[in-house]
Amino acid sequence: MANNQAKKGVVIDYDAIANQESFKALVRRKNSFLWSITAIFLLAYMMLPILTSYTEILHQKAFGEITWVWIYSAGLFIMTWGLCHLYVAKANSFDKEAKAIIAEYENGGGRL
């Protein structure tokens, strides 16, 4: 069953777009990126309680009275902002690819 939507007199068959190889490749790249970035974030985030609860590594002084726990925690904030910026940049590139896929469909590339 096709999902159709009329837009400016053009009927878009979303099932046909979903069956395009270019769309499938985009979905694979997007999912790969999202799962990777999620794994990196969760691993770094979950290491803080593990390292503080079960080891003494982060309890050592780094600078004066500041321990490595504070540096690691600050690093998590920096990492979060960095991953957000990376995500926005990648999302913009995915949007450009999606527009190209729609243009391919409109030019007859995705119709059966």
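Helices (H or I, at least four residues) and strands (E, at least two) are DSSP runs, numbered from the N terminus. By that reading, T67 is found in strand β4, residues 66–67. The model is a predicted one, in which local features need pLDDT of at least 70 and side-chain atom pairs count only at pLDDT 80 or more, while totals for chains, interfaces and linings use all residues. Residues are numbered from 1 along each chain as its sequence is written, and side-chain values use heavy atoms, with hydrogens and water left out.

**Overall layout**

- The protein has 3 helices and 4 strands, and along the sequence they follow the pattern β-β-α-α-β-β-α.
- Of its 112 residues, 20% count as buried; buried means under 20% relative accessible area, exposed means over 50%, and partly exposed lies in between (1.4 Å probe, protein chains only).
- The accessible surface comes to about 8,400 Å², and 66% of that belongs to carbon and sulfur atoms. Accessible areas come from the Shrake-Rupley method with a 1.4 Å probe, and for residues only the protein chains shown count as cover.
- Among contacts with a separation of 6 or more, 50% are accounted for by residues 24 or more positions apart. Contact means heavy atoms within 4.5 Å.

**Nonpolar core**

- A nonpolar core is a set of buried Ala, Val, Leu, Ile, Met, Phe, Trp, Tyr and Cys residues joined through side-chain atoms within 4.5 Å.
- The largest such core has 17 residues, and those with the most contacts inside it are I17, L48, L58, L76, M79 and Y105.
- Helices α1 (14–18), α2 (21–54) and α3 (68–106) each supply at least two residues of this core, and α3 gives the most, with 7 residues.
- M79 touches F41 and A44, not counting residues up to four places away in sequence.

**Nonpolar surface patch**

- F41, L42, Y45, M46, I50 and Y54 form a nonpolar patch on the surface, with about 630 Å² of accessible area together.
- Patches are made of residues with over 30% relative accessible area and no salt bridge; like charges are joined within 9 Å, and nonpolar side chains (Val, Leu, Ile, Met, Phe, Trp, Tyr) within 5 Å.
- F41 lies in helix α2 and is partly exposed, with a relative accessible area of 30%.

**Aromatic pairs**

- The structure holds 3 aromatic pairs. Rings of Phe, Tyr and Trp (its six-membered ring) pair if their centres lie within 6.5 Å; planes under 30 degrees apart count as stacked, over 60 as edge-to-face and the rest as tilted.
- One of them is the stacked pair of F41 and Y45, at 5.8 Å centre to centre with 10° between the planes.
- F41 and Y45 both lie in helix α2, 4 residues apart, about one turn of the helix. Y45 is partly exposed, at 46% relative accessibility.
- F63 and W68 form a tilted pair, at 6.2 Å centre to centre with 50° between the planes. F63 counts as exposed at 54% relative accessibility, whereas W68 is partly exposed at 35%.

**Around strand β4**

- T67 counts as buried, at 17% relative accessibility.
- Leaving aside neighbours within four places in sequence, T67 is in contact with L58, H59, Q60, K61 and A62.

**Salt bridges**

- A search of the whole structure finds 3 salt bridges, each being a side-chain nitrogen of Lys or Arg within 4 Å of a carboxyl oxygen of Asp or Glu.
- K24 forms a salt bridge with E21, the closest N and O atoms being 3.9 Å apart. These two are 3 residues apart in helix α2, so about one helical turn separates them.
- K24 is partly exposed, with a relative accessible area of 31%, while E21 counts as exposed at 54%.
- R29 pairs with E97, with the closest N and O atoms 2.0 Å apart. This pair links distant parts of the chain, with R29 in helix α2 and E97 in helix α3, 68 residues apart.
- R29 is partly exposed at 40% relative accessible area, and E97 is partly exposed at 26%.
- K61 forms a salt bridge with E65, the closest N and O atoms being 3.1 Å apart. K61 is exposed at 51% relative accessible area, and E65 is exposed at 64%.

**Sequence-distant residues**

- K30 lies in helix α2 and is partly exposed, with a relative accessible area of 39%.
- K30 and K90 are 60 residues apart in sequence and 8.6 Å apart in space, C-alpha to C-alpha.
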